[in-house]
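Subject: Structure for you to look at

Hello,

Here is the structure I said I would pass on. Please open it beside this message and follow along as you read.

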Amino acid sequence: MCCATLRNLLQGLTFSAKYYKHSPPQTMCLYSKIKPKKCHILECSESTWTHRIAAPGSILPCRFFSCKEGTRVPSERKQYTSPITSDILHKNLLKSEQENWNDISPTYKAITKRIKEKLEELHNMYTLHSGSPRMRFGENVYFEENGCIYLTKADDDEGNADILFSTEDLGFSDAFIQRIRISPDQRYMAISLKSENSEEATCFIMKLGNSPVVEKVIPSVFSFEWAADDVLYYTTQKNLKCQNVFMTTFTYQKYTKLVYTEQDARFFVDIYCTKDRRFLTINSNSKTTSEVWLVDCRHPFVSPTLVQARTTGVIYHIEHRKDQLYILTTYGEPAEYKLMKAPVASSGMENWQLVYALEKKTKLVDFEMFSDDCIMFLKNAGHLYLNVISFVSHSVQSIKLPTWACEFELESHPEHTSSTCYFQLSSPVHPPKHFAYSFKENNLIEQAVQEVPIITNCHTTRLLAKSKDETLVPITVFHNKNSKELHRRPLLVHVYGAYGIDLNMSFKEEKLMLIDEGWILAYCHVRGGGEQGLGWHRDGCQHNKLKGLHDLRACITLLHELGLSQPKHTALAAASAGGVLAGALCNTDPELIRAMVLQAPFVDVLNTMMKTHLPLTTEEQEEWGNPLEDEKCMKYIKSYCPLQNIKPQCYPSVFITAYENDERVPLTGILQYVQKLRKAARDHASRTRKKGNWLPNIILDVQANGSHCDSSWEHSLNEVCTLY
């Protein structure tokens, strides 16, 4: 089982979030826009592939709102503006900011060019050593490069390969392959294509053979799995929601029928297969509650059966082994993840038996099931661990991984009977390194082949900052070992703190570039994120959101106290919902930083959460609260909302990137935020007129192309260079 969907559950997210089982819509992390130029990383599970890494620069994690204008809100809370007036104001603001950016951008042309040349050099250095992932089925080997899917033979040493699919031949040269599923008998292949300007993907079903042909095209598809050789289940996406599951057949009597519909707007539906391919699971999840239905792959036309009816506050995820369901769930106390089991024939909660419970403040990052064992990838106090659970000896072995490692990446395990688990470890400044765990040898193996240059000049430090309520908040810090006088070095601080999602700490060439140039990088794992388990998220959402702000303030203050840079050399970086805490700190403690860089930031929490016509507002209430029905909640959101708390004072310089086609973060809120922030900074400067007083640069770059999810290599590279 490859657990991108599981990761989503582990993060406490609905599946409208950016990661999901096998094939996440690519997610965005600030300053990580640069995609592999020649190949995509695919993950494979049985007869399945998908993109496993987030496209550098796709926003991770995400806001879930689409941008629609002309919203009516209660008159007692906000004066009504007609749709026509609102649309005119929006267009005028957008035009003004675009003209402003066109005037300013030439100033940065020379340094942007230098950064681009450096990043291209680093990118080529590391991608040349990483070949296309390959998936083997018997004698056949499948792989993907440059928008094409190839088939070759395992024993072919000549490099001969047949092209099975080409995006360019189909007229989709601007799209990328997002997900691949090969039917168990290898007669069919399902592929989803997605463009950088759309959230929705199109699924192509290819009939393989001597001359592969397109058998069927399905629009607006989110996830899909083969239940049998010629039976495909899939979900459709509309307005960022996924609530219908269909079955389509490719037998002589071809037909498509609706199998399942989710009625609750808070829930999002996704499907995947268990690792042994015994069951296809239909998963309906909100951010706090789950319900799973099973389709027996031996009888794919029989109606799905319910595992356990949804119970408020209980999340669960299903795997299968030897007529037992293995259930990762938050059921029971404490409300953290546990591994439980129950017979397939009696799967109700009353029959769930505990197999293993995580320690306190431990994050379950990923989970992989094998025939006689399972592996849990864990994070505790910033360190990564493997827990190997043997179903035969009923033992648990815990293995601490190298201290420099910050991210796991599971590799392909097509057979659940495999005796080895392969994975990669990386950090923002350490390229992925291959490891394996052997169940037979009962040990960890570091792969002998070193594909990329070894990083030796970077020092990794883990710190704990004491927040306002005495809670200890983890910080991960990177700097060049040869750097002198660290208090004079520039510092880039990263924060997110929402949806139970960890900061993305996978390898990015641009981070390595900063280390080489003497920067210090700090990742603040504040509450609201998921770095220390589900409780860490609960402690930083809804009425606890201000705790994340207190954590961020404590982290930056500690870094300065320890001599790691100083306020005048400190920049704060955030993306998407991370813009809430970053923007809030900019209002409450602007003296702590000199610059703030935001990517598609969520800065208008209050107004957005009061726009009930937006397709995802209802499910977002589990993260932010419901200001329409709760006056106390409205006042609380207003107390930290970045847009609502701008005032005349000395602000840091601010650079924001936004996207015209962003369906998740309303552009209007960003436009209003920039206008209001710029006015407040000017008002302060005109009133004080103190010696040495300065007017900060407040710049907005609205991208006509790109979206909250994905962009091309060229667009990604240019955007990252401009941000830096």
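Among contacts in the protein chain between residues at least 6 apart in sequence, 61% join residues at least 24 apart. The chain has 724 residues, and 60% of them are buried. Its secondary structure comes to 12 helices and 37 strands.

Please keep in mind that this is a predicted model. The average pLDDT of the protein chain is 84, and 84% of the residues score at least 70. Residues 1-80 are another matter: pLDDT stays under 50 there, although the model has 380 contacts beyond four places in sequence for this stretch. Where pLDDT is low, the predicted coordinates should not be read in detail.

Now to the parts I went through.

Helices 3 and 4

Helix 3 covers residues 109-127 and helix 4 covers residues 509-516. The two pack at an angle of about 115°, and their axes are 9 Å apart. Their crossing is right-handed. On the side of helix 3, the contact is made by Ile115, Lys118, Leu119, Leu122, His123, Tyr126 and Thr127. Helix 4 contributes Glu509, Glu510, Leu512 and Met513. Sorted by class, this contact has 6 nonpolar, 2 polar and 3 charged residues.

Why is helix 4 largely enclosed by the rest of the structure? The reason is that 7 of its 8 residues are buried. The buried residues of helix 4 are Glu509, Glu510, Lys511, Leu512, Met513, Leu514 and Ile515. Just after helix 4 comes glycine 518, which takes a positive phi of about 95°.

Four strands make an open sheet in the order 3-4-5-6, with antiparallel pairing. Which strands are at the edges? They are strand 3 (134-137) and strand 6 (162-166), and each of these pairs on one side only. From one strand to the next, the twist averages 25°. Within this sheet, strand 3 and strand 4 (residues 140-145) pair in the antiparallel sense over 4 bridges. To find this pairing on screen, look for phenylalanine 137, whose bridge partner in strand 4 is asparagine 140.

Strand 12 pairs with strand 11 (residues 231-238) in the antiparallel sense, over 7 bridges. Valine 231 stands opposite threonine 249 in strand 12. Strands 11 and 12 form a hairpin with 2 residues between them. In that turn, asparagine 239 has a positive phi of about 50°.

Strand 12 also pairs with strand 13 (residues 256-261), again in the antiparallel sense, over 5 bridges. Here valine 245 stands opposite tyrosine 260 in strand 13. How many residues lie between strand 12 and strand 13 in their hairpin? There are 6 residues between them.

If you want an order for your own reading, begin with the contact between helix 3 and helix 4, go on to the sheet with the order 3-4-5-6, and finish with the hairpin of strand 11 and strand 12 and that of strand 12 and strand 13. Leave residues 1-80 aside for detailed reading, as pLDDT stays under 50 there.

Regards

Conventions
Residues are numbered from 1 along each chain as its sequence is written. This is a predicted model: local features need pLDDT of at least 70, side-chain atom pairs count only at pLDDT 80 or more; totals for chains, interfaces and linings use all residues. Side-chain values use heavy atoms; hydrogens and water are left out. Two strands pair if DSSP finds at least two bridges between them. Axes are lines fitted to C-alpha atoms, for helices over the stretch in contact, and angles run from 0 to 180 degrees between N-to-C directions. A crossing is left-handed if the near helix is turned anticlockwise from the far one by less than a right angle, and right-handed if clockwise. Contact means heavy atoms within 4.5 Å. Ala, Val, Leu, Ile, Met, Phe, Trp, Tyr, Cys and Pro count as nonpolar, Asp, Glu, Lys and Arg as charged, and the others, Gly among them, as polar. pLDDT is the predictor's confidence in each residue, from 0 to 100. Buried means under 20% relative accessible area, exposed over 50%, partly exposed in between (1.4 Å probe, protein chains only).
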